[in-house]
Amino acid sequence: MKDLFVVILAAGKGKRMHSRLPKVLFRLGGITLVEHVLKSVLPLNAKKYIIVVGYKAELVKRVLQKYDVVFALQNEQFGTAHALKSALPYIDKHRSSLLVLCGDVPFIRTETLESMLHSHKESQADLTILTGFIDNPSGYGRIVRNHTGNIVSIVEDKDATEEEKKIKEFNSGIYLFDCEKVFETIDLVRNDNAQGEFYLTDLARIFISKGYKVTTYYANDVMELIGINSQQELARAERLYFERRI
């Protein structure tokens with residue numbers, strides 16, 4: 001049985017929130033977004049939980065100090081792959097798996113992650129990507145497949161062609177990796193894209209190009225995958241949160 005390491009990306013400012021408060025510290029149902037995510041992963045009994053912090057790092061640390069986690073500092077925010085790289089010193093790459101999530105997906109359920117872990121193990125995958133389907137996945141990376149249905153790449157919304165933007169299967173930003181292969185390939189990620197950032201989606205492309213086994217796992221409830229990027233989205237999530245509790 002492989003050890004599991006969990007990394008939660010919580011370093012960003014969240015510019016579209018138009019606030020000095022880090023996005024992951026906004027509250028939903030009285031609980032910060034990042035704590036919602038943390039409470040979903042803690043039952044997985046990982047060997048280590050690593051929170052990547054950056055913007056107002058000390059404030060995020062203070063909020064999460066009651067949890068048994070370690071903090072990795074991303075001094076400057078150059079994208080999700082760059083954030084993950086800052087967490088690697090805390091991870092044992094041998095015979096281990098790595099679950100990576102963003103700190104702004106408050107509806108993700110433990111049961112979905114457990115099912116994803118089971119699927120990853122059963123298929124002996126090197127990378128499993130949690131995906132979903134919605135009619136309008138604007139803002140999300142698209143899952144591009146070939147004629148046989150195998151995943152070819154993940155294309156970020158800002159880099160997608162008009163044809164690729166019609167794809168309804170989207171990337172949740174939740175990944176389960178074989179640790180050793182992450183260590184082997186993370187330095188191959190480049191930032192030649194519209195944002196000039198180092199994307200985890202590019203790491204998926206590298207896995208595919210090397211012939212590693214890359215699979216997807218579908219979330220039955222697409223709302224589990226929705227991230228919070230604005231005050232408007234937070235307000236909608238708040239309504240949904242209380243509807244689901246009724």
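User: How do you know which residue is which, and what counts in a predicted model?

Analyst: Numbering starts from 1 along each chain as its sequence is written, and side-chain values use heavy atoms, with hydrogens and water left out. Because this is a predicted model, local features need pLDDT of at least 70 and side-chain atom pairs count only at pLDDT 80 or more, while totals for chains, interfaces and linings use all residues.

User: Why is Q74 called buried?

Analyst: Buried means under 20% relative accessible area, exposed means over 50%, and partly exposed is in between (1.4 Å probe, protein chains only). Q74 has a relative accessible area of 3%, so it is buried. You'll find Q74 in the loop between β5 (70-73) and α3.

User: What makes a residue a contact of Q74?

Analyst: Contact means heavy atoms within 4.5 Å. Leaving aside neighbours within four places in sequence, Q74 is in contact with A11, V52, V53, G54, G79, H82, A83 and S86.

User: Why is N45 called exposed?

Analyst: N45 has 67% relative accessibility, so it counts as exposed. It sits in the loop between α1 and β4.

User: What makes the phi of N45 worth a look?

Analyst: Most residues other than glycine have a negative phi. N45 isn't a glycine, yet its phi is positive, about 55°. R95 is another non-glycine with a positive phi, about 50°. R95 is in the loop between α3 and β6, and with 58% relative accessibility it counts as exposed.

User: Why is α1 described as largely enclosed?

Analyst: Eight of the nine residues of α1 are buried, so the rest of the structure largely encloses it. Among the buried ones are L33, V37 and V41. As for the label, helices (H or I, at least four residues) and strands (E, at least two) are DSSP runs, numbered from the N terminus.

User: How do you know that β1 pairs with β6?

Analyst: Two strands pair if DSSP finds at least two bridges between them. β1 and β6 (residues 96-102) have seven bridges, in the parallel sense, so by that definition they pair. V6 stands opposite L99 in β6.

User: What joins β1 to β4?

Analyst: Six bridges, and these strands run parallel. Here the bridge partner of V6 is Y49. β1 (residues 3-10) is also mostly covered, with seven of its eight residues buried.

User: What makes a group of residues a nonpolar core?

Analyst: A nonpolar core is a set of buried Ala, Val, Leu, Ile, Met, Phe, Trp, Tyr and Cys residues joined through side-chain atoms within 4.5 Å. The largest one here has 34 residues, and V6, I8, V41, L99 and L101 touch the most other members. Apart from it lies another core, of 33 residues, including L84 and C179.

User: Which residues line the largest pocket?

Analyst: Lining residues have an atom within 4 Å of a point. There are 48 of them, and R16, K23, T80, D104 and N229 are the closest to the centre. β10 supplies the largest share, four residues.

Note on methods. On a 1 Å grid over the protein atoms alone, a cavity is a set of points where a 1.4 Å probe fits but cannot get out, and a pocket is an open set with protein on both sides within 12 Å along at least five of seven lines; lining residues have an atom within 4 Å of a point.
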